[in-house]
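Start with the sequence and the model, then take the points below one at a time.

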Amino acid sequence: MGPEAFSAWRPRTRPPGGRTATPPGPGQESVWDYPRPPAVVPTTEHVVVVLGTTVVADTRRALRVLETSHPPTYYLPLDDLADGALVPVEGAATFCEFKGRATYFDVVGTEELGRPLVAKQAAWTYPSPAPGYADLAGHVALYPGRMTRCTVDGELVQAQQGDFYGGWGTSRVVGPFKGGTGTWGW
């Protein structure tokens, strides 16, 4: 594919503030082609989450939530998480205008010396998702930046910038991404 193929691409949504969307290369997606409201897309990618020395999750049955300006957030089947890896956090909740009310978990692993390792409020779920997002029931998302390692098909994930966002950056996805300095109003 020559350079002319990239010059023909136009993002579905243009980044604000005069920024330019990075054209996707072969096998890549632009977050500026993702929809708003977000889409829920099943994937068979191999997703592995590690905290300390504990494999918290290992699945090929994840869901990707794709939303304009965000790297995908991976939602993993609760059945594919290690026993005891999630501890509900009493009273911790947020509200998403699309997906509904989320509740939170601490994620528990083990350090190399065998001591418990806890990532506070590092996972969330939608126990009763809003209409259109029913597929998220029975799934949990984790902040990749609070884990020791997250991989997608063997590639190390880069956490989306910002304390609030849970996007998983890989070479498959190009931005610019919401979450960094100067992007709060996106």
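The largest pocket holds about 580 Å³ of space. The model is a predicted one: local features need pLDDT of at least 70, side-chain atom pairs count only at pLDDT 80 or more, and totals for chains, interfaces and linings use all residues. Residues are numbered from 1 along each chain as its sequence is written, and side-chain values use heavy atoms, with hydrogens and water left out.

**The largest pocket**

- A pocket here is an open set of points on a 1 Å grid over the protein atoms alone, where a 1.4 Å probe fits, with protein on both sides within 12 Å along at least five of seven lines.
- Grid points are joined across faces, edges and corners, and the volume is the space filled by probe spheres set on the points.
- The largest pocket is lined by 28 residues, and Glu67, His70, Lys99, Phe164 and Tyr165 are the closest to its centre. Lining residues have an atom within 4 Å of a point.
- Strand E6 (73–77), strand E7 (86–96) and strand E8 (100–110) are the elements that give two or more residues to this lining. Strands (E, at least two residues) are DSSP runs, numbered from the N terminus.
- E7 gives the most, with three residues.
- The lining has 16 nonpolar, seven polar and five charged residues. Ala, Val, Leu, Ile, Met, Phe, Trp, Tyr, Cys and Pro count as nonpolar; Asp, Glu, Lys and Arg count as charged; the others, Gly among them, count as polar.

**The sheet**

- Seven strands make an open sheet, in the order E2-E5-E6-E10-E9-E8-E7, with antiparallel pairing. Two strands pair if DSSP finds at least two bridges between them.
- Strand E2 (39–42) and E7 stand at the edges with a single partner strand each, so one side of each has no neighbour in the sheet.
- On average, neighbouring strands of this sheet are turned by 35° against each other, direction ignored. Axes are lines fitted to C-alpha atoms, and angles run from 0 to 180 degrees between N-to-C directions.
- Strand E5 (residues 63–66) runs antiparallel to E6, and three bridges join them.
- Valine 65 stands opposite threonine 73 in E6.

**Cysteines**

- The whole structure has zero disulfides. The test is a pair of cysteine sulfur atoms within 2.5 Å.
- Cysteine 96 counts as buried because its relative accessibility is 14%. Buried means under 20% relative accessible area, exposed over 50%, and partly exposed in between (1.4 Å probe, protein chains only).
- Cysteine 150 is also buried, at 2% relative accessibility.

**Cis peptide bonds**

- The bond from arginine 36 to proline 37 is cis, with omega near 5°. Proline 37 sits in the loop between strand E1 (29–30) and E2.
- The bond from glycine 175 to proline 176 is cis, with omega near 15°. Proline 176 lies in the segment after E15.

**Positive phi**

- Serine 69 is not a glycine, yet its phi is positive, at about 80°. Serine 69 lies in the loop between E5 and E6, and is buried at 3% relative accessible area.
- Aspartate 153 has a positive phi near 50°. Aspartate 153 is in the loop between strand E11 (149–152) and strand E12 (155–156), and is exposed at 52% relative accessible area.

**Threonine 181**

- Threonine 181 is in the segment after strand E15 (173–174), and is exposed at 78% relative accessible area.
- Threonine 181 and glutamate 67 are 114 residues apart in sequence and 19 Å apart in space, C-alpha to C-alpha.

Technical notes. Helix = DSSP H or I, 4+ residues; strand = E, 2+ residues; numbered from the N terminus.
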